[in-house]
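Keep the structure open as you read.

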Amino acid sequence: MSVRVRRIYDPPEPDDGVRVLVDRLWPRGVSKEDVHIDEWPKAMTPSTELRRWYHASEGSYEEFQRRYEAELAEPEASELLDHIRKLARRGPVTLLTASKAPEQSHASVVAGLLKSK
């Protein structure tokens, strides 16, 4: 299974496979015509409350990860996660985020969960 995380600002690459935007909000400064997005599962993204809590630096990445994994266990998010997992079993999947630090973001949490099952 091939799952990777990239910034939405990076140009598409031929080996990206299915490109999945995992941000709730459309990234600033990016034209929808300039990026190729195959999926945008908004219900699988962190809740507004969790996103604001994490960006306010109120807790650790580990606590954010724990809370986000709990959100991803909810039925609608879980179904979307399973859908992306099925896509990843068929070919490469690239999770796209506007985060400046993708390795400390929700995208890396999703990638870890996709690879764990």
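Angles between axes that are over 145 degrees count as roughly antiparallel. The model is predicted.

Begin with α1 and α2. Their axes lie 11 Å apart and pack at an angle of about 175 degrees. That angle is over 145 degrees, so α1 and α2 are roughly antiparallel to each other. From α1, the contact uses Leu-50, Trp-53 and Tyr-54. From α2, Tyr-61, Glu-63, Phe-64, Arg-67, Tyr-68 and Glu-71 take part. Sorted by class, the contact of α1 with α2 has six nonpolar residues, three charged ones and no polar ones.

Now look at α1 alone. This helix spans residues 48–55, and its buried residues are Leu-50, Trp-53 and Tyr-54. These residues cover an arc of only 95 degrees around the axis, so they sit on the same side of α1. Arg-52 and His-55 are exposed on the other side of α1. What lies over the buried residues? The cover includes α2, residues 61–72. Just after α1 comes Ser-57, with a positive phi of about 60 degrees.

Next, follow α2 to α4. Here the axes are 10 Å apart, and the packing angle is about 60 degrees. That makes α2 oblique to α4. The crossing of α2 past α4 is right-handed. On the α2 side, the contact is made by Tyr-61, Phe-64, Gln-65, Tyr-68, Glu-69 and Leu-72. On the α4 side, it is made by His-106, Ser-108, Val-109, Val-110 and Leu-113. By class, the residues of the contact of α2 with α4 divide into seven nonpolar, three polar and one charged.

Helix α4 has another partner, α3. The axes of α3 (residues 75–90) and α4 (residues 106–116) come within 10 Å and cross at roughly 65 degrees. That angle makes α3 roughly perpendicular to α4. Again the crossing is right-handed, as α3 passes α4. Leu-81, Ile-84 and Arg-85 of α3 meet Val-110, Leu-113 and Leu-114 of α4. This contact of α3 with α4 has five nonpolar residues, one charged and no polar.

Beyond residues up to four places away in sequence, Leu-114 touches Met-1, Val-3, Leu-81, Ile-84, Arg-85 and Leu-95. Leu-81, Ile-84 and Arg-85 belong to the α3 side of the helix contact. Thr-45 is 69 residues from Leu-114 in sequence, and their C-alpha atoms are 14 Å apart.

Finish at a strand. Arg-7 lies in β1, which covers residues 3–7. With 26% relative accessibility, Arg-7 counts as partly exposed. Which residues does Arg-7 contact, leaving aside neighbours within four places in sequence? They are Leu-96, Thr-97, Ala-98, Ser-99, Lys-100 and Pro-102. Arg-7 and Lys-100 are 93 residues apart in sequence, with 7.7 Å between their C-alpha atoms.

Technical notes:
Residues are numbered from 1 along each chain as its sequence is written. This is a predicted model: local features need pLDDT of at least 70, side-chain atom pairs count only at pLDDT 80 or more; totals for chains, interfaces and linings use all residues. Side-chain values use heavy atoms; hydrogens and water are left out. Axes are lines fitted to C-alpha atoms, for helices over the stretch in contact, and angles run from 0 to 180 degrees between N-to-C directions. Helices (H or I, at least four residues) and strands (E, at least two) are DSSP runs, numbered from the N terminus. Angles under 35 degrees count as roughly parallel, over 145 as roughly antiparallel, 65 to 115 as roughly perpendicular and the rest as oblique. A crossing is left-handed if the near helix is turned anticlockwise from the far one by less than a right angle, and right-handed if clockwise. Contact means heavy atoms within 4.5 Å. Ala, Val, Leu, Ile, Met, Phe, Trp, Tyr, Cys and Pro count as nonpolar, Asp, Glu, Lys and Arg as charged, and the others, Gly among them, as polar. Buried means under 20% relative accessible area, exposed over 50%, partly exposed in between (1.4 Å probe, protein chains only). The arc is that of the directions from the helix axis to the C-beta atoms.
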